[in-house]
Amino acid sequence: MSVLNGSKYLDQSINSILRQSFTNFEFIIIDDGSTDNTYDIIKRNMKIDKRIIGFKQDNQGLASTLNFGISKARGKYIARMDADDISHSRRFEKQIHILENQDIDVVGTN
């Protein structure tokens, strides 16, 4: 997840990922040069849940920040998330089921 000045919704967004029914994941969050308390929220959540891996950098823009996050990922799949999105609690479970059981390379949600 890339976030820039996203403190308003960030806790809700993070919590929607941490409450996933599929729990074996790493959650990479990159603060892309925020001037609000975004990184404080990330650090607080890192202390609560060890699956969160946080980074802070000068503003690089969305594409560069997402590529940086992908370069740090160790998992089999990448799940894209915006800092103001809320994910259904079974999102990962359902997406992984499709990816593992059908000849599909990419899934998305609405």
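Leaving aside neighbours within four places in sequence, which residues is S16 in contact with? The points below take this up first, then the core and the pocket.

1. **S16.** This is a predicted model. In it, S16 is in contact with M81, D85, I86 and S87, once neighbours within four places in sequence are set aside. S16 is found in helix α1, residues 7-18. Its relative accessibility is 6%, so S16 counts as buried; the cut-off for that class is under 20%.

2. **Nonpolar core.** The largest nonpolar core has 17 residues. M1, L10, I14, F27 and I29 have the most contacts inside it. Elements that each supply at least two residues of this core are α1, β2, α2 (38-48) and α4. Helix α1 gives the most, with four residues.

3. **L10.** L10 is one of the core residues with the most contacts inside the core. Residues up to four places away in sequence are not counted here. On that basis, L10 touches M1, V3, T38, I41, I42 and A83. M1 is also among the core residues with the most contacts.

4. **Largest pocket: extent and lining.** The volume of the largest pocket is about 1,000 Å³. Its lining has 39 residues, and Y77, I78, A79, R80 and F92 lie nearest the centre. β2 (27-32), α3 (62-72) and α4 (91-101) are the elements that give two or more residues to this lining. Helix α4 gives the most, with six residues.

5. **Largest pocket: residue classes.** The lining has 20 nonpolar residues. Nine polar and 10 charged residues make up the other classes.

Definitions and conventions: Residues are numbered from 1 along each chain as its sequence is written. This is a predicted model: local features need pLDDT of at least 70, side-chain atom pairs count only at pLDDT 80 or more; totals for chains, interfaces and linings use all residues. Side-chain values use heavy atoms; hydrogens and water are left out. On a 1 Å grid over the protein atoms alone, a cavity is a set of points where a 1.4 Å probe fits but cannot get out, and a pocket is an open set with protein on both sides within 12 Å along at least five of seven lines; lining residues have an atom within 4 Å of a point. Grid points are joined across faces, edges and corners, and a volume is the space filled by probe spheres set on the points. Ala, Val, Leu, Ile, Met, Phe, Trp, Tyr, Cys and Pro count as nonpolar, Asp, Glu, Lys and Arg as charged, and the others, Gly among them, as polar. Buried means under 20% relative accessible area, exposed over 50%, partly exposed in between (1.4 Å probe, protein chains only). Contact means heavy atoms within 4.5 Å. A nonpolar core is a set of buried Ala, Val, Leu, Ile, Met, Phe, Trp, Tyr and Cys residues joined through side-chain atoms within 4.5 Å.
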